[in-house]
Amino acid sequence: MASLGQILFWSIISIIIILAGAIALIIGFGISAFSMPEVNVDYNASSETLRCEAPRWFPQPTVVWASQVDQGANFSEVSNTSFELNSENVTMKVVSVLYNATINNTYSCMIENDIAKATGDIKVTESEIKRRSHLQLLNSKASLCVSSFFAISWALLPLAPYLMLK
């Protein structure tokens, strides 16, 4: 049976490991946030309008619209993007609207900062709407940091009860 001193010692070691992992995450990512965009048809508009929303991003990303049919087209003249600070005053909600969208075309809303790139695709036909989203981490240092933290945690946590009994 472990003594009280041993239990306290290994409890403190566990806390140090968790804190080290949290610090590694902060160093790896900095203070950052990213989320998947959701693209929808805005039925309140007078023309075919698409609305792309992502609830949390930091630092402020760039937003670019693309089209499968009009490859290479610049949609900055027919789109409007806003960044609304969330209630915690750290992250921001991204809202981008694309005006004059055409039916039977696939549009992509790409949101990107130094940490991540998220894309929301939408295809609107006369009979259906198809959506797809994906997220890609761009900062390999941050990805490696997160992976390492979880690998170390999962390797050490099962040892804690064994070490306490010594």
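P59 is located in the loop that joins β2 (50-57) to β3 (62-67); strands here are DSSP runs of E of at least two residues, numbered from the N terminus. The model is a predicted one, in which local features need pLDDT of at least 70, side-chain atom pairs count only at pLDDT 80 or more, and totals for chains, interfaces and linings use all residues. Residues are numbered from 1 along each chain as its sequence is written, and side-chain values use heavy atoms, with hydrogens and water left out.

Most peptide bonds are trans, and most residues other than glycine have a negative phi. The bond from F58 to P59, however, is cis, with omega near -5°.

N89, in the loop between β4 (79-85) and β5 (92-98), has a positive phi of about 60° although it is not a glycine. N89 is exposed, with 56% relative accessibility; exposed means over 50% relative accessible area, buried under 20%, and partly exposed in between, for a 1.4 Å probe and protein chains only. N104 belongs to the loop between β5 and β6 (105-112), and its phi, near 65°, is also positive. With a relative accessible area of 48%, N104 counts as partly exposed.

The chain also contains one disulfide, a term that denotes a pair of cysteine sulfur atoms within 2.5 Å. The bond joins C52 and C109, whose sulfur atoms lie 2.1 Å apart. This pair connects distant parts of the chain, as C52 is in strand β2 and C109 in strand β6, 57 residues apart. Both C52 and C109 are buried. The torsion about their S-S bond is about -80°, and the disulfide is therefore left-handed.

Note on methods. Helices (H or I, at least four residues) and strands (E, at least two) are DSSP runs, numbered from the N terminus.
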